[in-house]
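Q: Hi! Could you walk me through this structure in plain words?

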Amino acid sequence: MLFLIAVILFILLFLLPFLPGVIELISKEDAEPLFISMDYIRNPRYFGKSFKKLLHRATAGFAYNPGMHDIKLSKDEKMELIHSPNISANREINHILHVIGDLVSEGNVQFNKEVYATGNVAVGPGNIIRAMVGDGDVALAEGVQFLRWLDAEGDIDIGANCTLGISASSGGRLYLSKDCAFHRLFGMPITTGYNIAAMINYPEESFPSLEPFTEEFPFIRKKERFIPPGTTMKNDVIFLNDVLIGNDCIFKGTIKSYGKIILEENITIDGNIFADGDILIGKNSKIRGHIFSQMSIYISEQTVISRPDKIKSIIGKRSIRIGKDVNIYGYVATEGDGKTV
Amino acid sequence: MEVVVLILKIYLVFTLFVMVVYAIRHFLFTMNRLFSEQRIYYQDIIDSELRSITVIIPMHNEEKVAGQILDLLVSSDYAYDKLEIIPVNDFSTDATRGILNDYASRYPNIKPLHRYEGQPGKPAALNEGIKLATGEIIIVFDADYLPPKGILKDIVVSFNDPEVGAVMGRIVPVNTRTNFLTRLLDLERTGGYQVDQQARYNMKLIPQYGGTIGGFRKDVIMSMGSFDTKILAEDTDLTFRLIIYGWKVIYANRAECYEEAPETWNTRARQIRRWSRGHNQVMFRYLLPLLSSQQLSRKEKIDGVLLLGVYAVPLILFLAICDSLALFFLGEINIFGGIMAFIFVGAYNTFGNFAPFYQIGIAALLDGATDRILLLPMLMFNYFLNTFYISIGFFEAVVDRITGRNTKWTKTQRFRNKNSKAPQHVKNLSRHYNDNNKAGEK
């Protein structure tokens, strides 16, 4: 008898680890394949485009009468349709605002739902806005705070001390004053200065026609920690350590470092910059390609990234700092904190 | 007799050492994914200047799946004038040829290559495809894959980094729900990519190019010589050739793509046997060049050796089990006394059999798929199957090495049909594309 009990106990204990699995196999609670978004494509202006699409779908066949309406986006929502309003100071708006024409808000207005304006938008100081998309230009006064995102078909002018949520994107120019916080930016250009014309026409001779690199291997690895001022390099270069690149250097290709890259002033790079460490770009540099760091990126004043007809990206995992009079044609993103300084 | 017993004992201790080394490796990878700062991949880079690419899809009797992958690729967001698609019909005897010709007539950038001469098999098909390709970057998909709309850009963007020779995306089984086997394979894939590959990318080791959902530079492969048709794991072969020559292979966890996992044990057995044979062929070929390469750091070399050895470990363990039985019946199992014996047994079972299990558990956790972790103990069934067929594959590779014989590629059987249990959003997408195509034909 004891033997029988022992055998039964043994079998039970042996099978016990499989019991939860058997239950899962039968119940199929978690049997679906991991989700992959089959339609996903990278679009720096996704939020604005997507919201407008949802809103247009929800209001299709709508009589555009001013007043409150019930609409269904991802859930039931209240939406106020209004013509060219001027929203007085200190108001709090708890529904979606659909503005036909221009929108002006005075100081300290709080928009707790999304705002869509078909015209231009002027946002007063200290406003707090969940999300906003405009078909025209958008101008933000100082200290405006976005909780989610901002998008405009036209230019966006952002005052000092604004917080730009997850994403701020523009179909035109995206101007940022000092001390603005961001995670993602898109604009043609993104700029921290008004001296745009000079930047757009920066001279082609910045990229002198160098002899093509002819060695068998398309890149070279270097242990040097310092590249003397005025050096010209024709090919892609991988630096195995932190590297300091002196004034007036010209690189025809891409540079990459397993550590930090510090560019002094007036550097020209025709390719991209990749680094496992920080990337510090000195004054008056011109970079034609992407800038990508697993750490932080600092861009000093009067630097130009990319060209008016090209979209390039600046990706800094931990943080990005952008100095004064910088022009970037394309996309900027950080998982950490981005700031204009 | 004493010498034999001594050898058996030494082998057992050697096995323990190997198991502990691999256990530490799995443990480090898992801890890295849980607690270390993760390296970001290049997918956030947005670039208006796209490189020209050629997507090569080797196809042998793929009538069940050929249309779907082509539909998805032509619907990709990659610039039409930069995208060339070469489906390589490799000795198909079913309707694959007709399907490819039909697509070619509708889409000028689909350029099928029909092969009915020369050596069959994926490496040979790739070699022929690469010769025809005009793209700067070669992207490879197996025919049963379902590439999402944005995946080509996600893969290609990494080649802005001049060191990157190849990039590998993440495989996700689409038919998880089908049966017990597909659920276990789903767990294996999860652990292999979400933890193992990503951790190797984080730690700047050697992520492996897996032969599909990935790409490489055309000029590099041309300069290194085409794929060796005798090697059954052309992907592992490429990985080691690249790193030994100084290129990097990187992993893109966000470049996810559905595949069809084998639905029968026989199919899985044939697949794992082929993988083992091919991987071990590569091990025999590249172990010494890897160790002597001037292009690799010490930690890359260690990881490379361990990576090369993964398909030898099940055999080592299998032989150790036989060894321990022999020692037991010889009355010589008492290698260590007291607490050491306890540690030995614990290590042997925990690290040997279960080392990848916690890696898989954490991977599922990271994916937010918590209930499927309950199936972990059942992976032992897959483990037994793997051990047996991987061991056979190892011996085949040994014979290949000694004789230099030609190998024959055995294709993995496809199971997709109208009753396949694909996720609803994938079915909707396929239906959408099929409707579009029908409309186009009208």
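**Domains and contacts**

A: Happy to! Chain A has domain 1 (46-191) and domain 2 (197-340) in its domain assignment, where bounds come from an automatic or database assignment. This is a predicted model, in which local features need pLDDT of at least 70, side-chain atom pairs count only at pLDDT 80 or more, and totals for chains, interfaces and linings use all residues. Residues are numbered from 1 along each chain as its sequence is written, while chains are lettered from A and ligands numbered from 1 in the order in which they are written.

Q: How many residues does the contact take from domain 1 of chain A and from domain 2 of chain A?

A: The contact takes 15 residues from domain 1 of chain A and 13 from domain 2 of chain A. Two residues are in contact if their C-beta atoms, placed from the backbone, lie within 7 Å.

Q: And which strand gives the largest share of the domain 1 side in chain A?

A: Strand S16 (residues 181-191) of chain A, with ten residues. Helices (H or I, at least four residues) and strands (E, at least two) are DSSP runs, numbered from the N terminus.

Q: New topic: how many residues of chain A are in contact with chain B?

A: 41 residues of chain A are in contact with 40 residues of chain B. On the chain A side, H2(A) gives the largest share, four residues.

Q: At what angle do the axes of H9 and H10 of chain B cross?

A: Roughly 170 degrees, and the axes of H9 (residues 265-292) and H10 (residues 298-309) of chain B come within 10 Å. Therefore H9(B) is roughly antiparallel to H10(B), a term for angles over 145 degrees. Axes are lines fitted to C-alpha atoms, for helices over the stretch in contact, and angles run from 0 to 180 degrees between N-to-C directions.

Notes: Parallel < 35°, antiparallel > 145°, perpendicular 65-115°, else oblique.
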